[in-house]
Amino acid sequence: MSSIFTGSQPQGREGEGGATFSAIFRHFRRILSLNNQVLEMVADLEFALGGEYIYDRSFLKSSVTGIIEKGRQVIYHLNAMSGDRYARLYDRFTSTGDHLVDILAGGLGPYGPFLVLDWEVLHRDLVHLAGGKGANLGELVNSLKMPAPVGFVVSTTGYRHFMETNDLFTRIDQILSKESDPVGRSTRINALFMKAKVPGDLAGVINKRLKKICAEPGGAKFFAVRSSGVGEDGERSYAGQFQSFIGVVAGEVPAAIVKVMASRFSERLLRYLEPDSSAEEVPMAVVVQPMIEARAAGVLYTRDPIAPGSETMVISAVAGRGEELVSGKQSGDRLSLSRHHPFFPVTSHLAPVTGIPSGRGENGLRRGAGVVGLGVLKKLAEYGLLLEKRFEMPQDIEWCIDGEEKIWILQTRPLHVRTYGECKTPAALAEELSQLPVLLSGQGHVCQLGLTCGPVVHVDENTPADSFPIGAVAVSRYANPRLAEIVRRAAAVITDIGSPTGHLATITREYRTPALFGTGEATRLLPPGTEVVVDVEERTIYAGRVDLPPDMCEFGGFEPLAGQPEASILRRLLRLIAPLNLIDPGSPSFKLDNCQTIHDFLRFSHERAVAELIDFHLSGRMVGAKGAPLLEANIPLKIRLIDIGGGLDGTPGGAMTVNRVTSLPFRQILRGLLNEEAWDREPAPFGVKDFLSGLSRPLTMLTHTPNYAGENLAIIADNYCNLSLRLGYHFNIIDSYLSDEADDNYIYFRFVGGFAENDKRERRAVLIDQILSGLHFKVERKGDLVLAKAKMLERSHMESILTHLGELIAFTRQLDVKMADSGAVDRFFTTFLERIRKEP
């Protein structure tokens, strides 16, 4: 039988099961190829948004069309592998594709028809539906996981529905055409709103949301009803032009919503807008939030508007609510902090307390107790820089703290600061950089452009995100997806090993965090604590620090086209393409119905395709191994080989020696098996209990033992290996795909059984669990059954793990009978570390 792959002919006879598996594997490889093509197209979109090159709507259309078509092919091949088990994916995927096409055509997107928007769907690119305030608040909760009072938003669709039901657009335009005086216009329009009725369907949805919030533990007694006009808090801030209400009881919220809508036509707003503006311009959304009982409140400017180049931020604070501070009726405490971690105070000016004059103290810091403590101020500074990074410009943030000292963000909007003095030119900046020592140059892959400064902090997947200093440069050996939470806090991310199309690279682009992956030796060249300048575009890292221009964020600079319509469309498209919501395949939520984005469909399809391969082997459908050749190797195992394409060299006949194996994952496993130090050749000390226990465990009792359990069998291809081993009374499977594409790579490990008594078998399983956990596996253990998965790791990392798995197979053979007491786990763990090869 000829191979279905280009290259060598299959060695040995596959039989019926082997032929079927070849067909399944062909679909699997096609899924991997299409998956990579889509991820590369997504990366191009992200690079374009990050400013790497100019783009237009034609580019967006062709990219999205290609992504949809290739994504549909992925679903086809998954169903071909599984006998149409996932046919429902087509309809759900088509719905997502239709939303993408709608956005490209200028439509409102998937939430366009909604009268009310739940908080969990809000993000910065829903300004056209949620207004500026609602979109920004949704972004900080849903993307940055910051605390804000969570309510709902009456969308611009709900606003238009209210206006059209009461025929207000037409009637207001008539008033605007006949009346020129803003006072007269506003008076007559306000009379229309006083007579208008909230449509029944809109009122029903509003009351349902209010009832739900009030029913929650500690349910709200009062609400804030706030304006969120389209364009509010944007280029034209409309600050103070619209009405908002606080302390509103639930029953009065609908009336307050109408008053907020009416403020769109207030005298102040009509004077603010152009005289010939139509009634439909500046549509109004309305934010409804539960009120926070504020112990203190205030405003944070992430840059000092008076001295934007001073590298300080300014915080004002008053006791109680912050309305009088915002309105200018109180000055409150005013403090400035450094913009750099750990945010040391620079100056303070505390509001006067009865009998104590206000003023500045020594070195600008006044002695005495302020409204809020230093810990709160520093946490506010962290939040401020994260918001500045996310929204790509300095921020004006309203906040409060409750009686338990918890911070709540009430609003964030752009802070337009003026740069004083002479700006630093690119040439001057380049000259300054040229004077600094170069630590690393010309190495790595550009994942996200940016120029930034910060101290080096070494991290790995176990580093707690909350302990990572805001604005530091994260340096890691691997581009592990578990670093995602650190990405949003980091000034830059540098790795020794990593790909620009990997999952972590996608996250760096989502958060606009400058990133350089695959440098080879960043962890060696960049010691912890070193102050560095990272220039991703030049792939160069300098020792030292430079003062970046005030209109650049320390986190790497702002998106060049952030305010352009194409950028907004691209961000909206990427919201339905790039985010990954299906993260944990072991979670009950990892299911077809929860696929929301293109990335979700790809991830779900990839995971299920891997499962189809593994299930094929576990089901016993692979037969005919008796005719397959034996591997000739200096190991105490007999392994038969079935090559389904490229797993062995193409030389006909002859002995099947280790040198003839070309399968990448199997070669690495063999490398571990061939490590003489890993094997224990001494006879196992069987006891009576072990013997009796072994007799009571026939092979038929080992769960999911395939039909060829009497054989050690390796089914191999150039990038693939399924190794099934029966070593005495335990059964072991390793299923792996290994390539240069990190997103394709995975290892599935399964171990069960043994000859010894139950306690000893379980101790061996605990030992295997601990070793696998140290090798970056996610492990599940039940009794003597161990299941583990590792995936999306770089090739060199995978090779090291597979080698150690080969050594683990050798080391744990017959080890169960030696696990005499609980201390044996630690002893043999130490012995294993001493015997195995050191990681490269």
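Predicted model: local features only at pLDDT ≥ 70, side-chain atom pairs only at ≥ 80, totals over all residues.
Residues are numbered from 1 along each chain as its sequence is written, and side-chain values use heavy atoms, with hydrogens and water left out.

**The whole chain**

- You'll find 23 helices and 28 strands here; helices (H or I, at least four residues) and strands (E, at least two) are DSSP runs, numbered from the N terminus.
- Out of 840 residues, 56% count as buried, where buried means under 20% relative accessible area, exposed means over 50%, and partly exposed is in between (1.4 Å probe, protein chains only).
- Take the contacts (heavy atoms within 4.5 Å) with a separation of 6 or more: 65% of them come from residues 24 or more positions apart.

- E25 covers residues 730–737, and eight of its eight residues are buried.
- In a regular strand, side chains alternate between the two faces of the sheet.
- In E25, one side has His 730, Asn 732, Ile 734 and Ser 736, the other has Phe 731, Ile 733, Asp 735 and Tyr 737, and all of these are buried.
- Strand E24 (residues 720–727) pairs with E25 in the antiparallel sense over eight bridges; two strands pair if DSSP finds at least two bridges between them.
- One of the bridge partners is Phe 731 in E25, which goes with Arg 726.
- E25 is also joined to strand E26 (residues 746–753) by eight bridges, again antiparallel, and Ser 736 stands opposite Ile 747 in E26.

- H7 runs over residues 182–195, and its 14 residues should span 20 Å at 1.5 Å a residue, which agrees with the 20 Å between its end C-alpha atoms; the expected span is 1.5 Å times one less than the number of residues.
- The buried residues of H7 are Pro 182, Gly 184, Arg 185, Ser 186, Ile 189, Leu 192 and Phe 193.
- Those residues pack against helices H5 (156–165), H6 (168–178), H9 (253–262) and H10 (267–272).
- Thr 170 sits in H6 and is partly exposed, because its relative accessible area is 42%.
- The C-alpha atoms of Thr 170 and Ser 278 are 9.7 Å apart, though 108 residues separate them along the chain.

**Hidden holes**

- On a 1 Å grid over the protein atoms alone, a cavity is a set of points where a 1.4 Å probe fits but cannot get out, and lining residues have an atom within 4 Å of a point.
- Grid points are joined across faces, edges and corners, and a volume is the space filled by probe spheres set on the points.
- The largest cavity has 14 lining residues, and Asn 35, His 599, Arg 603, Asp 743 and Met 792 lie nearest its centre.
- Helix H18 (598–618) and helix H1 (15–49) each supply at least two residues of that lining, with H18 giving the most, five residues.
- The second largest cavity has a volume of about 100 Å³.
- Its lining has 16 residues, with Ala 479, Pro 481, Ala 742, Met 792 and Glu 794 closest to its centre.
- Helix H15 (residues 503–510) gives the most to the lining of the second largest cavity, with three residues.

Notes. 1 Å grid on protein atoms, 1.4 Å probe; cavity = no way out; pocket = protein on both sides within 12 Å on 5 of 7 lines; lining within 4 Å.
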